[in-house]
Amino acid sequence: MGCSLVASAEPAGRRKNFWQERSTEKWLFGLDDVKEVAEIIIVEGEMDKLAMEEAGFLNCVSVPCGAPQKASA
């Protein structure tokens, strides 16, 4: 089961140093789980999305790269 195409990679270091491979697209994590719904819930991170799924909310996605350090005005 080999794959030569990297769609996205977002590894985290020990100090939460998140980074993304160059030339990869940013995707909403869990987008493939959302099918034929009128509303979706958008959360900050992948763990938040997984927690929502465990709680029964299947119409949930997380933003790529989490929330920004500083909110824009």
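1. **Ground rules.** This is a predicted model, in which local features need pLDDT of at least 70, side-chain atom pairs count only at pLDDT 80 or more, and totals for chains, interfaces and linings use all residues. Residues are numbered from 1 along each chain as its sequence is written, and side-chain values use heavy atoms, with hydrogens and water left out.

2. **The overall layout.** The chain has one helix and two strands, running β-α-β from the N terminus. Helices (H or I, at least four residues) and strands (E, at least two) are DSSP runs, numbered from the N terminus. Of the 73 residues, 14% are buried; buried means under 20% relative accessible area, exposed over 50%, and partly exposed in between (1.4 Å probe, protein chains only).

3. **Phe29.** To answer the opening question, Phe29 sits in the segment before strand S1 (41-43). Phe29 is partly exposed, with a relative accessible area of 34%. Although Phe29 and Val61 are 32 residues apart along the chain, their C-alpha atoms are separated by 5.4 Å. Setting aside neighbours within four places in sequence, Phe29 has contacts (heavy atoms within 4.5 Å) that include Lys49, Leu50 and Val61.

4. **Ser62.** Look next at strand S2 (residues 60-62), where Ser62 is found. Ser62 is buried, at 0% relative accessible area. Its contacts beyond four places in sequence include Trp27, Phe29, Val43 and Lys49.

5. **The salt bridges.** There are two salt bridges, each defined as a side-chain nitrogen of Lys or Arg within 4 Å of a carboxyl oxygen of Asp or Glu. In one, Lys49 meets Asp33 (3.0 Å, N to O). Lys49 lies in helix H1 (residues 46-54) and Asp33 in the segment before S1, so this pair ties together parts 16 residues apart in sequence. Lys49 also pairs with Glu53 (2.5 Å, N to O); being four residues apart in helix H1, Lys49 and Glu53 are separated by about one helical turn. Through shared partners, salt bridges join Asp33, Lys49 and Glu53 into one network.
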